[in-house]
Amino acid sequence: MNQPDPIVFVVDDDASVRKSLSRLLRSGGYTAETFASATEFLASGRHQQSPACLVLDVRMPGLTGMELQERLRALKSTLAIIFITGHGDIPMSVEAMKGGAVDFLPKPFDDTQLLAAVAKAIAKSAHDRQTRGEIESIQERLATLTPREREVLELVVRGMLNKQVAADLGTVEKTIKVHRARVMEKMQVQSLAELVRLAERVGIGGARDQSSVISNP
Amino acid sequence: MSWVTIIWSMTASACLTLAAIYFLVWCRRRTAWADLLFTLISVGVAAFAFCELSMMQAATPAQFATALRWGHVPTWVIVVSLVGFVRLHMRTGRPWLGWSICALRTLALLLNFVTGQNLNFREVTHLRHVPFLGESVSLGVGVSNPYMLVGQLSLLLLVIFTVDAAITVWRRGDRRQALVTGGSIAFFALASIAQAVLVFWQILDWPLTASFFFLGIVLAMGYEMSRETLRAAQLSDDLRESHQRLDLAAQSARLGLWTWDIARDEIWATDNGRQLFGFGKSERINFARLMDSLHPADRESVSHAFAKSFNGNGDYESEHRVVVPGQPMRWIAARGTVEFNKAGKAVFMRGVSHDITERKRTEDALKESEARFRTVADNAPVLIWMAGTDKLCDFFNKGWLDFTGRTLEQELGNGWAEGVHPDDLAGCLKTYVAAFDARQPFTIEYRLRRHDGEYRWISDHGVPRHDSEGDFLGYIGSCVDLTERKQAEAEASRQRAELAHVSRVSVMGELSASMAHELNQPLTAILSNTQAAQRFLAADKLDRVEFDEILKDIVHDTTRARDVIRHLRALVKKSEREFVRVDVNEIIGQVIAFLHGDIVGRNVTVIQELAPELPLVLGDRTQLQQVLLNLLLNAFDAVGANRVRDRLVTVVTAMASSEMVRVAVRDGGVGIPADKLEEIFQPFFTTKTEGLGMGLSVSRSIVEGHGGRLSAENNPGPGATFSFTLPAVVQN
């Protein structure tokens, strides 16, 4: 993939920690940028950088690590976050992971732990960036459907036959066939399986319905 | 008219005029017997002058003898009256001599009538005519009567009697009276004797002129009597003046003067006196009316006082109340003396009364104040004593007597010293005497024997007493039993040590999280730095400068970690917390009591502004005590540099909201730099040379562990306020 060099941001209020982590990341082949507080990081605007990774201290004066994670999510950042903490506990790490953190490292940690997490985070960031591009393209295509076509799409990806769809929508099978052809055309897919996969990517259709799809290829 | 007739008539009339005047005086004043005697003498002299004139003008010897015989009657009157006059007017003279003179003269008068023609002649045989004052007067010639000596002897005794009386008067100091009255009577009496002897023994060819000499006596006496009259007038003037002065004095002293004629039961009183008892100006007063005006409760005692004065030495004294309708009740003090007649019966009484209401009121107020003092002193939970200016104790309260189990009589004076422990007595007395002489307050600690025989440590604090004029009255002192306080102090100190221990234990528990954080920071840096170096080495990318810097950083962080460990070592392992319902105000009280020694030692004033009826909070008593302990000790440090009167620390409790209780500790110290307001809560932040710098950090952990917040802010005035909140227990 043609990507810019990965950057690792370090946000920690402890100068010693910042300096040593920056050094360690450099030894691992990364470019590191350090910030003394969450506010400073936000103000720099560097969070829009991607793919990139953020090594973030949980406990800081002012804005805490968890609060920064919240802000970044609101800003739709694709920055992958690794939390580091001096006194982490289980509930806090669960909270962080639920918020999309790549890892939660209790201080002190080994270089391998950190570098592995960073590598994983950068990959995730890159992946996220790519995924986001695909989803955006699917959603663009979805937006071209008429409401009726959308209804037909939702029922078809659940694995219903044309006849069943027609009964559900109170029309005839022939009309459904026309709608279905237009949907396939607008979504730029050749097969039903392809359409189902696209729908899954943007969250249309449930687990039960998926199993019915598998049982009915 | 011949000269003889003129002179003798004038002599007689002069005497009669004096007699008339003094007779009138005597009539007005019957008790003035000297005036009557002077009248009799004057009449006697006039009569004798008439007899002498008859003798000189007698035509026959029989006429002469008759005139002479009757002349002895006035002579008797004169002599007897003179004796009486000397006794009454000069208030002296020997009685036996006086009686002898009267007896002899009376005998002479009898002999005058029973022997011969008269006392002087047995028989007048013929008359001789001799020239006298330019004319011829008759002079009797005949046989002399030897009994004439009796009359002359009586006159001689009269001279002796008078001279003797005059000497007495002279010695008494009244020299003028001795000379004028005594001297003239003696001189003229002697002269008349001499002339009579010469005439009747027919040695001198002269008529008898004794009335001249008697006239001399009368004039001298008259002169003396007139001086007496003048003096009486003067006395009367003086008396009036003194009466007016007395009246004025009585008026201004508001004295009521009164007299009581007991026999007639009449009471006279001055206007003041009438006012005191509420009598009308012209109202008739008697004993029953007087009794009516008294307070019913005092009537018996007043009657008793009167009866006592009648039966005793006549002194009357009483204090009683007077009730006048429409006026406030008055207290009256009365004094009087009784006059008795010869039979010893009380006949008259004089007295004075005055209003003592004000004095009684003052006395009552004093009694009341005294009673109040006793009540307070006897009910005070301390031992109280008082001493006079002589250092001797004159009062001990019930507390003292109950403590020592001795009677007031045993303790009075220096009796109390018997209860002092022999080892302490000398020092105790030395301090007492030295402080007493310097009029300085003192505090002595000594052992005093309690009623059960046990010696207890007593702290005795004495201060000098002064009256409203500032005059020294003595000392008053109060004592407390130190034994219990000393035991309590020991107990408090033990509890404090225990609490300190427990708090250290709990500090560690609260701290474990932040301690770990503090330790993990440098460890992280060390590890990362080391591993970075290893990686650079492995990749052969490590230059010398970088390596040097890495090592420097590692050393720095290792030092940092060592310091954390060092502080950690000072603390011990965690103990279990126990959450119960606690009263924050009560805990504040306990902590302040607990810090008593510090408060006193540092001269800090702690003001408690505690909200009444504060809800309970759920918390660990020991931990909350520790928080307050930290905040108070910090506050004490903050005000430590102030002047003593500005070393104020205020503890406030209040409701912060409907479910939070707020506790604030406000000091008047230097405050906190604005940029340090948050930093102070960091572990190991300290401004003190000794101290972990954990207090506020731990306190914050504790408060947060209770679900509250601890924060600091600077006051608008000097100093800072640390306040924390705690959730209140919801009342169901």
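This report walks through a predicted model with chains A and B.

## Ground rules and confidence

The model is predicted: local features need pLDDT of at least 70, side-chain atom pairs count only at pLDDT 80 or more, and totals for chains, interfaces and linings use all residues. Residues are numbered from 1 along each chain as its sequence is written, chains are lettered from A and ligands numbered from 1 in the order in which they are written, and side-chain values use heavy atoms, with hydrogens and water left out.

The model scores ipTM 0.71 and pTM 0.37. pLDDT is the predictor's confidence in each residue, from 0 to 100. Chain A averages 83, and 89% of its residues score at least 70. Residues 206-217 of chain A fall below 50. Beyond near neighbours in sequence, that stretch has eight contacts (heavy atoms within 4.5 Å) in the model.

Chain B has a mean pLDDT of 85, with 92% of residues at 70 or more. Among its elements, strand β17 (residues 660-667) has the highest mean, 94. Helix α18 (residues 596-602) has the lowest, 67. Residues 570-575 of chain B are below 50, with 16 contacts beyond near neighbours in sequence.

Helices (H or I, at least four residues) and strands (E, at least two) are DSSP runs, numbered from the N terminus. Two strands pair if DSSP finds at least two bridges between them. Strands of a sheet pair through backbone hydrogen bonds, either parallel or antiparallel.

In chain A, five strands form an open sheet in the order β2-β1-β3-β4-β5, with parallel pairing. Why is one side of β2 and of β5 left without a neighbour in the sheet? β2 (31-35) and β5 (103-106) stand at the edges, each with a single partner strand, so one side of each has no neighbour there. Neighbouring strands are turned by 20° against each other on average, direction ignored. Four bridges join β4 (residues 80-85) of chain A to β5(A). A:Ile84 stands opposite A:Leu105 in β5(A).

## Helices across that sheet

Axes are lines fitted to C-alpha atoms, for helices over the stretch in contact, and angles run from 0 to 180 degrees between N-to-C directions. Helix α1 (residues 15-27) of chain A lies across β1, β2, β3 and β4, at about 170° to β2(A). Helix α5 (residues 111-142) of chain A lies across β1, β3, β4 and β5, at about 130° to β3(A).

The loop between β5 and α5 of chain A holds A:Pro108. A cis peptide bond joins A:Lys107 to A:Pro108, with omega about -15°.

## A hairpin and a sheet in chain B

β1 (residues 121-132) and β2 (residues 135-144) of chain B run antiparallel, joined by ten bridges. They form a hairpin with two residues between them. B:Leu133 in the turn has a positive phi of about 55°. B:Phe132 has B:Glu135 in β2(B) as its bridge partner.

Chain B also has an open sheet of five strands, in the order β4-β3-β7-β6-β5, with antiparallel pairing. Its edge strands are β4 (266-269) and β5 (315-322), each pairing on one side only. The twist averages 20° from one strand to the next. β6 (residues 330-340) and β7 (residues 346-355) of chain B pair over nine bridges. B:Ala333 stands opposite B:His354 in β7(B). Helix α11 (residues 357-379) of chain B packs on the sheet and touches β5, β6 and β7. Its direction makes about 120° with that of β6(B).

Rings of Phe, Tyr and Trp (its six-membered ring) pair if their centres lie within 6.5 Å; planes under 30 degrees apart count as stacked, over 60 as edge-to-face and the rest as tilted. The whole structure has 33 aromatic pairs over all chains. One of them, B:Trp260 with B:Phe287, is stacked: 5.0 Å centre to centre, 10° between the planes. B:Trp260 is in β3 of chain B and B:Phe287 in α9 of chain B, 27 residues apart.

B:His295 lies in the loop between α9 and α10 of chain B. Which residues does B:His295 touch, not counting those up to four places away in sequence? They are B:Arg321, B:Val323 and B:Met329. B:His295 and B:Met329 are 34 residues apart in sequence and 8.6 Å apart in space, C-alpha to C-alpha.
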